[in-house]
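Here is my note on the charged side chains. Please read it alongside the model.

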Amino acid sequence: MIRTLTTAAATALLACASTAAAQDVPQDTPSGSWSIAVGAATDNRSKAASKSEGDPFVWGQAQWESASGLFYAGAGAETIKSAGSELEAEINAGFRPQVAGFDVTLEAAHKWQVDADPGADAEAWEFTADVSRSIGPASGRVRLQYSPDGTGATEAWTWAEARVGWAFTDKLEATAAIGRREQDNSIDYTGWNAGFTYALTRNVEADLRYYATDAEVPGEKYDDALVAGLSFAF
């Protein structure tokens with residue numbers, strides 16, 4: 001059921017984004033701005049599962065944003081351990097409108113595993129739709145992600161997640177999220193995380209977060225873990 005809904009939703013959302021992009025961009029706007037971020041953490045967690053077999057990883061990304069803040073595009077890379085590859089690269093583009101007081105993000109990303117084993121399925125498209133809102137110190141976000149064909153043996157998959165947050169100060173925020181992943185030719189599981197983010201400076205953030213899943217699979221990928229991370233933005 002989730003797969004059917006998310007496939008239809010992803011198709012509709014991307015169509016809407018393309019239409020709005022064609023109609024709403026003024027031709028005489030400034031070119032926008034660039035930002036760069038880098039970071040490291042004790043484990044590379046995505047959708048509550050480890051992409052680095054429980055080992056530390058580093059990442060970096062560069063992103064262009066239009067002057068209006070409505071459109072963005074970028075590229076990034078992160079270290080992983082999968083199919084003989086130790087590096088995953090990505091290019092992405094997205095659209096960030098506001099709808100009825102909610103912040104909406106629609107994104108398409110293409111990812112590939114560098115120097116993967118010969119014959120490995122090392123490329124995938126991933127589509128994301130986020131709806132979020134903040135009221136005072138409270139925040140909430142609903143995320144829906146879909147890929148028509150994941151990397152490796154995994155075929156189509158979906159990830160549906162709800163996240164809540166509370167800003168105790170302008171520097172300290174707590175967030176918790178729970179999500180469900182359904183995958184063709186791989187296991188389905190529920191994963192969650194909870195933790196704190198602290199702004200050490202205007203450009204440096206520290207994050208401490210606990211991850212867990214209900215997947216009963218040997219190895220580090222789905223094991224519970226406490227993950228510490230540090231990020232720098234420029």
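How does Glu65 count at 29% relative accessibility: buried, partly exposed or exposed? Glu65 counts as partly exposed. Buried means under 20% relative accessible area, exposed over 50%, and partly exposed in between (1.4 Å probe, protein chains only).

1. Basis. This is a predicted model, in which local features need pLDDT of at least 70, side-chain atom pairs count only at pLDDT 80 or more, and totals for chains, interfaces and linings use all residues. Residues are numbered from 1 along each chain as its sequence is written, and side-chain values use heavy atoms, without hydrogens and water.

2. Salt bridges. The count is ten. The rule asks for a side-chain nitrogen of Lys or Arg within 4 Å of a carboxyl oxygen of Asp or Glu.

3. Glu65 and Arg96. Their side chains form a salt bridge, 2.9 Å from N to O. Arg96 lies in the loop between strand 6 and strand 7 (98-99) and Glu65 in strand 4, so the pair ties together parts 31 residues apart in sequence. Strands here are DSSP runs (E, at least two residues), numbered from the N terminus. Arg96 is partly exposed, at 27%.

4. Glu88 and Lys51. This salt bridge has its closest N and O atoms 2.8 Å apart. Glu88 sits in strand 6 (residues 85-95) and Lys51 in the loop between strand 3 (49-50) and strand 4 (57-65), so the pair ties together parts 37 residues apart in sequence. Glu88 is buried, at 8% relative accessibility.

5. Lys111 and Glu126. The closest N and O atoms of this salt bridge are 3.4 Å apart. Lys111 is in strand 8 (residues 102-114) and Glu126 in strand 9 (residues 123-135). Salt bridges with shared partners join Lys47, Lys111 and Glu126 into one network. Lys111 is buried at 14%, and Glu126 is buried at 11%.

Key:
Helices (H or I, at least four residues) and strands (E, at least two) are DSSP runs, numbered from the N terminus.
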